[in-house]
Amino acid sequence: DVHSFGILLWQLCSLATPFSGYSLAMHSERVIKGGLRPEIDSAWSPGLSNLMRNCWDTNILERPTFQEVTEVLRNEVSVLRGDSDIILDSSNRTAKSLNSN
């Protein structure tokens, strides 16, 4: 699901495992029940940071679709490659995802 993808994306960016020192009880109490999320590095791009936060939204209906995730990732890669002439199709994006970038 999108939430799990957001965690995997965080792991790729941080090269770490979130909550690695937590017992099952701690994870259940703090992460599942308490809504704790991994810390986002301020050096990461706003696009990636917002994508992770949106993937972790406690309201499942507010999370992006995988199509929206793909569009954000394409945009991030384009920026890193310096592709200034690429125009991304945003016709299928929700207002929420357009405003979070």
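This is a predicted model: local features need pLDDT of at least 70, side-chain atom pairs count only at pLDDT 80 or more; totals for chains, interfaces and linings use all residues.
Seven of the 10 residues of α3 are buried, so the helix is largely enclosed by the rest of the structure. If you want to find them on screen, the buried residues are Gly47, Leu48, Ser49, Leu51, Met52, Asn54 and Cys55.

## The overall layout

Stepping back, the protein chain has five helices and zero strands. Read from the N terminus, its elements run α-α-α-α-α. The chain has 101 residues, of which 32% count as buried. Take the contacts between residues at least 6 apart in sequence: 50% of them join residues at least 24 apart.

## The nonpolar core

Now for the inside. The largest nonpolar core has 13 residues, and those with the most contacts inside it are Leu51, Met52, Cys55 and Trp56. Two or more residues of this core come from each of α1, α3 (46-55) and α4 (66-81). As a general background, nonpolar side chains in soluble globular proteins tend to be buried together.

Setting aside residues up to four places away in sequence, Trp56 touches His3, Gly6, Ile7, Trp10, Arg37, Pro38, Ile40 and Arg63.

## How α3 and α4 pack

The axes of α3 and α4 are 10 Å apart, and the two helices pack at an angle of about 165°. Angles over 145 degrees count as roughly antiparallel, and α3 and α4 are therefore roughly antiparallel to each other. Their crossing is left-handed. On the α3 side, the contact is made by Gly47, Leu48, Leu51 and Cys55, while α4 brings Val69, Val72, Leu73 and Glu76.

Helix α4 also holds Glu68. Is Glu68 buried or exposed? Glu68 is buried, because its relative accessible area is 4% and the cut-off for buried is under 20%. A polar atom of the Glu68 side chain lies 2.8 Å from the backbone nitrogen of Thr65.

His3 sits in helix α1. At 19% relative accessibility, His3 counts as buried, since buried means under 20%. Leaving out neighbours within four places in sequence, His3 is in contact with Arg37, Cys55, Trp56 and Arg63.

How far is His3 from Ile60 in sequence and in space? The two are 57 residues apart in sequence and 8.6 Å apart in space, from C-alpha to C-alpha. Ile60 belongs to the loop between α3 and α4. With 62% relative accessibility, Ile60 counts as exposed, because exposed means over 50%.

## Tyr22 in its loop

Our last stop is Tyr22, found in the loop between α1 (2-14) and α2 (24-33). Tyr22 has 26% relative accessibility and so counts as partly exposed. Not counting residues up to four places away in sequence, Tyr22 touches His27, Arg30, Val31 and Leu36.

Conventions:
Residues are numbered from 1 along each chain as its sequence is written. Side-chain values use heavy atoms; hydrogens and water are left out. Helices (H or I, at least four residues) and strands (E, at least two) are DSSP runs, numbered from the N terminus. Buried means under 20% relative accessible area, exposed over 50%, partly exposed in between (1.4 Å probe, protein chains only). Contact means heavy atoms within 4.5 Å. A nonpolar core is a set of buried Ala, Val, Leu, Ile, Met, Phe, Trp, Tyr and Cys residues joined through side-chain atoms within 4.5 Å. A polar contact is a pair of N or O atoms within 3.5 Å; within protein, one must be able to donate a hydrogen and the other to accept it, and residues adjacent in sequence count only if both atoms are side-chain atoms. Axes are lines fitted to C-alpha atoms, for helices over the stretch in contact, and angles run from 0 to 180 degrees between N-to-C directions. Angles under 35 degrees count as roughly parallel, over 145 as roughly antiparallel, 65 to 115 as roughly perpendicular and the rest as oblique. A crossing is left-handed if the near helix is turned anticlockwise from the far one by less than a right angle, and right-handed if clockwise.
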